[in-house]
Amino acid sequence: MTNASSNKASYDWAASADEGGEEIEIGREELDWSGKKVNRQTGWDARAAGNFIGGGSGTGLLICAALAVPAASYLYSVVLGLVLAGLGLICVLAEIGHPLRFLNVLRRGNTSWMTREALIAPFMFGAGAVAAYTGGVPFSTAAAVFAAAYLYCQARMLQASKGIPAWRNKASIPLLLSTGLVEGSSLATLVCLGGGISLPQELIWLLLATLLVRRISWMYYLKMLAGENSAKAALSVLHRLRGPYENFGQTLPELLLLIGIFFTSGQSWPFVIASLAGVTSGWIMKYTLVTRAAFSQGLDMTALPKRRQGS
Amino acid sequence: MRWGMVIDLQRCIGCYACAMACKAENATPPAIYFRRVLTREEGSYPTVRRIPVPVGCNHCEKPPCVEVCPSGASYQAIENGTVQIDESVCIGCQYCIMACPYKARSALKQLDAYLPEDVGFTTPQEMGGEARTDWNAKLNTPVKCTFCNHRLEKAKTTGKTPGIDREATPACVVTCPAKAMFFGDLDDPNSEIRRLIATRNGFTLLPGEGTNPSLYYLPARF
């Protein structure tokens with residue numbers, strides 16, 4: 001029940017969008033129709049975020065492995081990609097209420113993006129396993145295509161959640177796609193460097209290009225979210241993330257890559273730091289999006305009754 | 001046929017009888033409410049007003065929960081347009097809860113009782129309420145208003161008419177002391193709810209979502 005002694009007081013009580021955190025100035029729009037602050041969803045927790053993190057990174061790595069990874073590190077890249085995607089699916093099994101019924105997830109391919117993701121998974125793992133074993137181009141291409149489809153399904157899955165304004169905005173799709181590719185190319189870079197393999201120029205430029213695409217996608221996403229009245233609570237959380245994310249997750253790796261390309265030939269430290277920044281920023285952003293910024297929306301109630309004083 | 005409900009906000013007095021009738025009918029566990037009553041306070045002392053609005057599942061014509069469900073557990077009944085959940089198929093992914101713009105669904109994660117076990121009363125969950133709900137089977141699945149589907153199903157054999165005969169009408173509608181709730185067939189142009197929606201400018205919640213709810217609200221007359 002809201003405090004009726006003062007309208008301002010009642011809205012101030014509900015002004016904090018972060019449980020137990022600092023008071024954040026949010027307006028009336030972040031409150032639901034009844035004047036209470038909108039709730040953060042609790043059904044999809046870190047395990048669900050793990051699905052998007054593992055799945056996004058793993059599929060991004062499979063795609064980048066087919067595009068720009070040298071043959072010497074292809075096996076490790078593909079195996080790591082499949083392991084990450086598999087860990088994401090294990091997170092899903094840990095999260096659902098009836099994991100023993102998991103095969104039921106395959107029943108609604110005509111409408112559900114979750115079903116489509118599950119239908120693509122066996123083909124992706126199969127093609128990836130064969131590609132890792134044979135190293136042949138047809139299977140590596142097939143694995144990349146299935147991985148791209150899997151990543152797309154993940155992005156559409158989140159966007160289909162109409163109850164969460166931060167997810168249902170269409171701009172979330174390119175954001176999830178681009179960050180998957182950033183994470184994949186970052187991990188591919190780390191796999192190369194970790195194996196002592198010479199870093200191909202294509203991979204460096206791919207990482208830089210995906211970072212730039214992700215930057216544009218992020219700005220577009222925030223702009224589109226700002227236009228939605230029901231997303232103010234999510235925006236307040238994302239704005240707190242924005243500074244560190246853009247500085248350390250975008251600008252820093254972009255600058256380091258340019259330094260590495262033009263000024264420090266032969267040295268790997270710019271690429272290592274850039275890749276680590278690229279992948280961790282993506283993971284943190286997705287975790288925040290799925291768990292911390294996932295507020296429900298209020299109800300839009302029009303034509304309220306006009307009651308007389310005392311009635 | 002498409003069952004629908006109309007709630008007259010001008011008549012609603014915020015007594016919560018609908019919420020309690022639903023709880024008794026379905027024997028819902030603690031913290032699970034199929035029908036909730038949101039209240040909004042307006043004005044400041046001494047002219048404060050409270051406006052109640054009963055909410056629940058809107059049984060949308062284009063339900064996003066059905067669209068996203070990967071297992072088919074959430075489905076739309078072909079014969080009457082209501083949205084139901086088959087808990088035997090549900091995997092408990094809670095995707096439908098994320099998809100619902102109206103927060104109509106709740107995740108049943110634990111079964112508590114209103115009274116301590118040693119008191120000697122049969123728990124509502126064990127009784128199942130008039131709906132004879134098997135709450136153990138629904139554990140770790142989403143639950144929501146069913147438009148008292150057990151009454152609608154029984155009406156098929158008894159010949160009673162939902163919306164007119166009390167035993168065939170949802171418990172919340174029957175119980176409302178202010179007669180603020182109505183139930184009927186939205187596809188019947190001569191039904192009372194169609195007449196009310198047309199004459200009183202009935203509206204739905206979040207029309208921009210494109211869900212086309214079956215739950216309408218009637219605004220104030222003045």
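# A tour of chains A and B

Begin by displaying both chains: about 4,600 Å² is buried between chain B and chain A, and carbon and sulfur atoms give 54% of that area. Buried area here is the accessible area (1.4 Å probe) that two parts lose on being put together, summed over both. This is a predicted model, in which local features need pLDDT of at least 70 and side-chain atom pairs count only at pLDDT 80 or more, while totals for chains, interfaces and linings use all residues. Residues are numbered from 1 along each chain as its sequence is written, chains are lettered from A and ligands numbered from 1 in the order in which they are written, and side-chain values use heavy atoms, with hydrogens and water left out.

**The interface**

Select Ile91(B), Tyr95(B) and Met98(B): in chain B these residues lose the most area to chain A, together 16% of what that side buries. The contact as a whole takes 53 residues from chain A and 57 residues from chain B, where contact means heavy atoms within 4.5 Å.

Next, select Arg168(A) and Glu209(B), whose side chains form a salt bridge (3.5 Å, N to O). The term requires a side-chain nitrogen of Lys or Arg within 4 Å of a carboxyl oxygen of Asp or Glu. Between chain B and chain A the count is 1 salt bridge.

**Helix pairs in chain A**

Helices (H or I, at least four residues) and strands (E, at least two) are DSSP runs, numbered from the N terminus. Axes are lines fitted to C-alpha atoms, for helices over the stretch in contact, and angles run from 0 to 180 degrees between N-to-C directions.

Select residues 46-68 and 137-159 of chain A, which are helices H2 and H5; their axes come within 8 Å and cross at roughly 150 degrees. H2(A) is therefore roughly antiparallel to H5(A), a description that applies to angles over 145 degrees. The crossing of H2(A) and H5(A) is left-handed, meaning that the near helix is turned anticlockwise from the far one by less than a right angle. The residues of this contact between H2(A) and H5(A) comprise 11 nonpolar, 6 polar and no charged. Ala, Val, Leu, Ile, Met, Phe, Trp, Tyr, Cys and Pro count as nonpolar, Asp, Glu, Lys and Arg as charged, and the others, Gly among them, as polar.

Move to helix H3 (residues 71-95) and helix H4 (residues 113-134) of chain A, which pack at an angle of about 155 degrees with their axes 9 Å apart. H3(A) and H4(A) are therefore roughly antiparallel to each other, and H3(A) passes H4(A) in a left-handed crossing. Residues to select here include Tyr74(A) and Leu82(A) of H3(A), and Met124(A) and Phe125(A) of H4(A). By class, the contact of H3(A) with H4(A) has 13 nonpolar, 2 polar and no charged residues.

Then select helix H7 (residues 172-194) and helix H8 (residues 201-226) of chain A, whose axes come within 8 Å and cross at roughly 155 degrees. This makes H7(A) roughly antiparallel to H8(A). The contact of H7(A) with H8(A) divides into 13 nonpolar, 8 polar and 1 charged residues.

**Two loops in chain B**

Select Tyr45(B) and Pro46(B): the peptide bond from the former to the latter is cis, with omega near 0 degrees. Pro46(B) is in the loop between strand E2 (36-42) and strand E3 (49-55) of chain B.

Finish at Lys103(B), which has a positive phi of about 55 degrees although it is not a glycine. Lys103(B) lies in the loop between helix H3 (95-99) and strand E6 (106-107) of chain B.

How values were computed: Angles under 35 degrees count as roughly parallel, over 145 as roughly antiparallel, 65 to 115 as roughly perpendicular and the rest as oblique.
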